[in-house]
Amino acid sequence: MVVTTESRRWVALPVFLVAVALVAVIGSLAASGAGAEYLALERPAWAPPQWLFGPVWTVLYIMIAVAGWLTWTARGWSRALTAYAVQLVLNAAWTPLFFAAGWYGVAFAELCLLWIAIAATIVLMWPVKRPAALLMAPYLVWVTYAGALNLAIWQLN
């Protein structure tokens, strides 16, 4: 369905913000008390300080929500938004696997699937709404870095 009115276009933005916020809340709940756990892990020297994760994810989640909204306003539900939904589910699954369960290897494998889903989302968004695809690019870069960090922590612990 293609959005035809300006008011319907703007009403959809909070829907995308809430969907992404739910992913963030799932991660936050799964990571409650994870600060001490993270600090107790053997980490590579290039691991970021713990305080950096919150601000980075906040900015990324806003960009992810706007990217989904822009894609929806351009074409309605499409293959790009199906891939978008898949990557949101995979994003929500990583934190419980890594922090709540302590399954670093499983979390790394899941993160590899997340990386593929994000890349697919970008590729599918590109012909629909290029700014949306570009908004997803920093997320892919951060998940690449997070994947390397996850792998290193798995190997060290």
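**Briefing: the largest pocket and its helical surroundings**

The lining of the largest pocket comprises 18 nonpolar residues, eight polar residues and no charged residues. The structure is a predicted model. The protein contains six helices and zero strands, arranged along the sequence as α-α-α-α-α-α.

**Largest pocket**

- The space in the largest pocket amounts to about 670 Å³.
- Its lining consists of 26 residues, and Phe 53, Trp 57, Trp 94, Thr 95 and Phe 99 are those nearest the pocket centre.
- Helix 1 (6-30), helix 2, helix 3, helix 4, helix 5 and helix 6 each contribute at least two residues to this lining.
- The greatest contribution to the lining comes from helix 6, with six residues.

**Helix 5**

- Helix 5 spans residues 104-125, a run of 22 residues.
- From first to last C-alpha, helix 5 reaches 31 Å, close to the 32 Å expected at 1.5 Å a residue.
- Among the buried residues of helix 5 are Tyr 104, Glu 110, Leu 111, Leu 114, Ile 118, Thr 121 and Met 125.
- The buried residues of helix 5 pack against helix 2 (34-40), helix 3 (53-75), helix 4 (79-100) and helix 6 (130-156).

**Overall dimensions and packing**

- Along the principal axes, the C-alpha atoms fill a box of roughly 55 × 25 × 20 Å.
- Of the 157 residues in the protein, 43% are buried.
- Of the contacts between residues at least 6 apart in sequence, 76% join residues at least 24 apart.

Conventions:
Residues numbered from 1 in each chain as written. Predicted model: local features only at pLDDT ≥ 70, side-chain atom pairs only at ≥ 80, totals over all residues. Heavy atoms only, no water. Helix = DSSP H or I, 4+ residues; strand = E, 2+ residues; numbered from the N terminus. Expected span 1.5 Å × (residues − 1). Buried < 20%, exposed > 50% of the residue type's maximum accessible area, 1.4 Å probe, protein only. Contact = heavy atoms within 4.5 Å. 1 Å grid on protein atoms, 1.4 Å probe; cavity = no way out; pocket = protein on both sides within 12 Å on 5 of 7 lines; lining within 4 Å. Points joined across faces, edges and corners; volume = space filled by probe spheres on them. Nonpolar A, V, L, I, M, F, W, Y, C, P; charged D, E, K, R; others polar.
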